[in-house]
Every structure is written in C-alpha cells, then in structure tokens.
Amino acid sequence: MIAHADRPGAAHGADDAEVIRRSLDEPDAFALLFDRHAPELHRYVTRRLGDSLADDIVSDTFLAAFRRRDRYDTTRPDARPWLYGIAANLIGKHRRTEVRSYRALARTGADEVAESYADRVEAEVTASAAQRELAGALASLSVGDRDVLLLVAWADLSYEEVADALDIPVGTVRSRLHRARKRTRAALGGVDPTAVEEGTRHG
Amino acid sequence: MDDLETLRGMRAEAPRAEADRLRPARDRLLTEAAAVSAGRGRARRAWRRSGGRGAVMRRRSIGRAGVVLAGALALVTAVALVVAQAGGRSGGEGGTAHGGPPQAVRYADKAVVLEQAALVAGSRSTASEPRPDQWLYRKYVVRQPGQDSEPRVFEEWTRYDGRQRAGYDPMGRFEVTDVPPDPGDDDLSPEAYAGKLRKLPRDPDKLLAHVRGDRHWIDLPAEEAHLTEDPDVRAFRVLSLYLEQAAYLGQAAAMPPKLEAAIYRAMARIPGVGVALDVRDAVGRPGIGVFHTPAGQPLMREYLVLQPETFRCLGSSRVWLRDERIGSELVFPSGSVYSSAETASAIVDRPGERS
C-alpha cells in the first residue's frame with residue numbers, strides 16, 4: 001500500500017480497510033472512519049454546495065457507507081474514493097442549487113457559498129474576475145465532467161482514485177478531465193464565449 | 001497561473017468542519033451502529049441483514065405453570081449452595097484461566113443451573129403461530145461502552161413473513177420499508193426462522209451434533225471464506241442465537257418447549273461454557289450470564305443474560321477482557337461493557353402498534 005503521510009486513512013498502522021473490516025463485528029468502530037474523513041469531506045461538500053447542505057450530505061454519506069460496509073473492497077486501504085463516490089451521488093441531487101450558485105457568482109461576483117461559511121472564517125465573499133469566469137465554466141459542465149474536475153482540484157484525488165470513486169475507467173476520467181479543462185482554460189483565456197450560455201442546458 | 005491552480009484557489013478558505021459541527025452526524029451514525037449491534041445479538045453473520053436491523057422479536061411472556069414456580073424455588077437453593085462451594089475454588093469454571101474479567105465474578109455450577117433451566121423451559125406453555133401478515137413489535141435498550149453513554153431505546157416492527165420492516169429513522173420519522181428478496185442474505189424471515197426451530201432435534205446430543213454440522217452456519221459467503229470458527233465456539237454461538245431469536249419471535253409460538261430444554265442441556269455439554277451470577281442487562285435487571293470461554297486470549301466475554309427464575313432471555317452483555325486497539329488507537333479499554341435489554345414485545349396487526 002502507498003501511504004500518503006498527509007492522509008489520515010493510510011498513515012497509521014490500521015488502514016481504512018482494517019477499520020471497516022473491524023466494524024463488521026464491532027459497528028462502533030466505524031466512528032473512527034468518520035473521525036478520519038468527515039472533517040475534510042465536509043469541507044469538500046461545503047465548497048460545492050455551502051455549509052448547510054454539507055451537514056446533511058456528510059451525515060447521509062456516512063450512514064449510507066455504514067449500511068453497505070460489508071461490500072467494501074478491503075483490498076483498498078484508503079476509503080476516501082469510496083466515501084467521495086457516495087457523496088458525489090448525494091451532491092448530484094442538488095445540482096440545480098450548485099449550478100445556480102456558479103451562475104450567480106459569474107453574473108454578480110457575489111459568492112453565496114463563501115457567504116455560508118463567512119461567519120466561521122475570513123472568507124473572500126466577492127470573487128476575482130478570474131474566478132467569475134471560472135464559475136461560469138463550472139456552471140456549463142455536465143455533472144460527470146464537473147465531478148471529475150472538482151474531485152481532482154478540490155478533493156485532491158488521483159485519476160485512479162476518481163475512477164474508483166465514480167466507478168468509471170481511468171481513461172474516462174482522463175477524457176472527462178480533458179473536456180472540462182478545455183472549458184476552464186477557455187473561460188480564463190476569454191476564448192470561448194459560449195461556455196456560460198451553454199450552462200443553461202444543464203440548469 | 002493555470003486553470004487548475006485558479007480553481008484550487010476558489011473557495012479555498014472553506015474550513016474543515018470542527019468536531020462540534022459534526023456531532024449530530026456522528027451521533028446519527030453511532031445510533032445506527034448501536035441498532036445493528038443490538039439487532040445482531042451474537043450473530044456475526046447477521047451483518048448481511050439488509051437494513052442492518054434485527055429482523056425478529058419476542059412475544060410478551062406467557063404465564064408460567066405452577067411447576068415452574070416450584071422449580072424456581074429449587075434453583076435459588078441450588079445456586080446458593082453452588083456459590084458457597086465455589087468460594088474455595090479459584091473463581092470457578094472458565095473464569096480466570098485466561099486472565100478473567102476485570103471485576104470479581106461469582107459463578108454457579110453450569111450443570112445444575114442449565115439443567116434447572118431445561119426443566120423450567122420444558123414446562124412452558126405454547127401458543128399458536130402469528131399470521132404471515134401480522135407484525136412483531138420489539139422494544140429494546142442498548143448501552144454503549146463508555147461512562148458518558150446514555151442508554152438508547154429502539155423500537156422496530158417486522159412483518160412475520162419478513163416482507164416489510166418498520167421503525168423510526170434517526171430523524172424520528174416513522175417509515176415502513178419493503179425488504180426485497182436477497183439471495184445473498186443468509187438471514188431468515190421470522191416465519192422461516194420459526195420453521196427452522198421446529199425442525200431441530202429435541203435430543204441434546206443430536207442437537208449438538210446437528211449444530212456442529214449445520215452448513216447454514218459453516219458455509220460462509222465467499223468474502224468470509226478465510227474465517228474459520230472453532231466448533232465449540234460455533235455451537236455455543238448458534239444455540240445462544242436460537243434462544244435470542246426465539247425471544248424476539250414470539251417465544252411461545254416459535255420455540256418448542258422440548259427444544260428449549262434440549263438447548264440448555266446441549267450448552268451444558270460444551271467445554272468452556274460457564275454460568276456467572278449477577279450479570280445485568282442494559283436496564284440494570286439482574287440475571288444469570290451464560291458464556292463460553294474459548295481457548296487462547298479472548299478479547300471479550302459475551303453473556304447471554306437470563307432471568308434467574310423463568311430463564312427468559314433478558315438481553316446480553318459484553319465485557320472487554322483487554323484493551324481493544326485498531327492500529328495505535330485505543331477503541332475500547334479493558335473493562336468496557338456493552339449491554340442490551342429486551343424491554344417489550346408483542347404480536348400486532350399493524351406496524352406502529354405496541355399491543
């Protein structure tokens with residue numbers, strides 16, 4: 001196994017697979033998995049949907065994961081792809097909310113998602129010009145392309161991990177990422193003015 | 001700065017969630033975990049159960065026959081004698097050979113107590129079986145390890161034919177859910193379980209031989225094929241499971257009295273079985289604790305807690321005999337106790353009814 005020192009799931013003697021295996025006999029042990037991954041997962045969902053939805057989605061993700069823990073592939077020491085995959089499905093149910101916030105950000109420069117946590121940290125609630133362009137591009141992506149792009153950029157998953165999370169081949173990860181980045185590059189370069197308008201298809 | 005770097009900077013101030021913020025989600029997860037622990041009883045295989053909840057429950061106890069009362073009085077005397085004798089021995093059978101539980105435990109002679117249990121059980125009255133469309137209501141209490149853990153109360157309803165289940169979700173909403181047939185699930189519906197119990201041998205030796213050879217408990221699913229279990233451990237676990245399941249299933253309807261008697265007599269013949277006194281269930285009711293001590297260094301001792309006069313199943317209790325760690329993290333220190341208690345049950349016509 002490859003231990004990423006900064007990843008709590010793999011850093012200690014007992015990896016996530018061991019914890020999940022243990023939780024089959026001792027369900028309470030699953031709380032360890034929660035303690036390892038919930039804070040960062042919450043941050044990821046917050047970045048996509050704002051922090052009030054993040055509470056529910058994190059809770060539902062771990063409950064769903066717990067209920068299907070007997071089907072976890074214990075050859076995989078790090079449970080993050082599995083958890084982020086479950087979360088991706090739950091986030092997908094709120095895609096209208098997500099796309100609306102990107103559009104509002106692109107149009108007005110005001111970021112309602114950043115406002116949702118601005119009482120907890122000093123947050124930039126007004127976006128830069130580049131970020132407004134970027135938000136417009138994010139709004140224009142299909143759900144699948146956006147999941148891949150943001151799992152790479154915001155959750156720091158590798159291509160292989162994204163493939164695991166979304167249950168798609170690594171080649172599909174590459175092609176989706178390529179397609180998504182064509183939009184984001186174009187948005188930042190100001191080359192592709194259709195990117196924002198195309199977003200209406202997905203709203 | 002390329003597009004990915006700009007993207008990484010977007011909403012980058014979003015904070016990691018603090019423990020306080022995550023507390024409700026964590027509690028919800030632990031509530032679910034507690035329900036699984038309690039519904040499972042000793043059946044490690046019941047993890048496969050869809051929905052994770054215990055599938056079966058117990059009927060309110062039926063009035064006892066006069067002979068049972070007489071038997072109960074006899075037992076009190078027998079236990080008193082046994083305890084007096086045990087004083088001179090080193091903690092009694094199965095207790096201290098492997099370090100023993102942290103607190104002093106008093107033991108009774110398993111042959112005397114389990115034979116008494118067999119006599120009491122053999123004279124129980126029986127009741128007719130529920131209809132397939134009736135529901136088994138079960139209320140139970142779980143106390144998790146740890147000083148600050150409050151006992152949690154659960155209620156659940158299971159249709160007798162196993163097709164539906166009902167209960168309150170963690171947000172307090174009542175929901176009835178279908179249980180689709182699952183070929184990979186080795187759990188049985190209450191109806192099928194009662195049928196299985198009726199077919200078991202009523203002779204203790206034949207019963208023990210049957211349990212040791214029952215493929216239902218030996219043939220593990222592919223992903224568990226690497227697990228092996230000592231035949232004595234399995235025999236005790238499966239017999240305990242029968243007693244617990246019958247308790248949820250509508251005892252008088254599901255458990256033939258002669259079978260229950262045979263279960264206690266078979267248990268008495270398993271090496272390593274012992275009987276402890278003064279074991280409490282999750283609501284503090286005192287009972288006798290029947291347990292099995294396997295060879296080696298067991299992590300915990302699991303008691304099946306029986307009411308000392310009627311020998312009805314009150315619940316279960318697990319005591320950690322040593323620290324349990326996962327990697328470097330101490331999950332359950334030695335002396336931790338997990339317990340459950342069956343506090344109400346009934347056969348009802350509709351989910352949500354309690355009597």
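These legends describe views of a predicted model.

Local features need pLDDT of at least 70 and side-chain atom pairs count only at pLDDT 80 or more, while totals for chains, interfaces and linings use all residues. Residues are numbered from 1 along each chain as its sequence is written, and chains are lettered from A and ligands numbered from 1 in the order in which they are written.

**View 1. Chain A and its helices.** Chain A has 12 helices and zero strands (DSSP runs, H or I of at least four residues for helices and E of at least two for strands, numbered from the N terminus). Of its 203 residues, 52% count as buried (20 or more other C-beta atoms within 10 Å of the residue's own, C-beta atoms being placed from the backbone).

**View 2. Helix 9 and helix 10 of chain A.** The axes of helix 9 (residues 143-153) and helix 10 (residues 159-166) of chain A come within 10 Å and cross at roughly 135 degrees (lines fitted to C-alpha atoms over the stretch in contact, angles running from 0 to 180 degrees between N-to-C directions). Helix 9 of chain A is therefore oblique to helix 10 of chain A (angles under 35 degrees count as roughly parallel, over 145 as roughly antiparallel, 65 to 115 as roughly perpendicular and the rest as oblique).

**View 3. The side of chain A that touches chain B.** The contact takes 46 residues from chain A and 33 residues from chain B (C-beta atoms, placed from the backbone, within 7 Å). Helix 3 of chain A supplies the largest share of the chain A side, 11 residues.

Notes: A residue is buried if 20 or more other C-beta atoms lie within 10 Å of its own, exposed if 12 or fewer, and partly exposed in between; C-beta atoms are placed from the backbone. Two residues are in contact if their C-beta atoms, placed from the backbone, lie within 7 Å.
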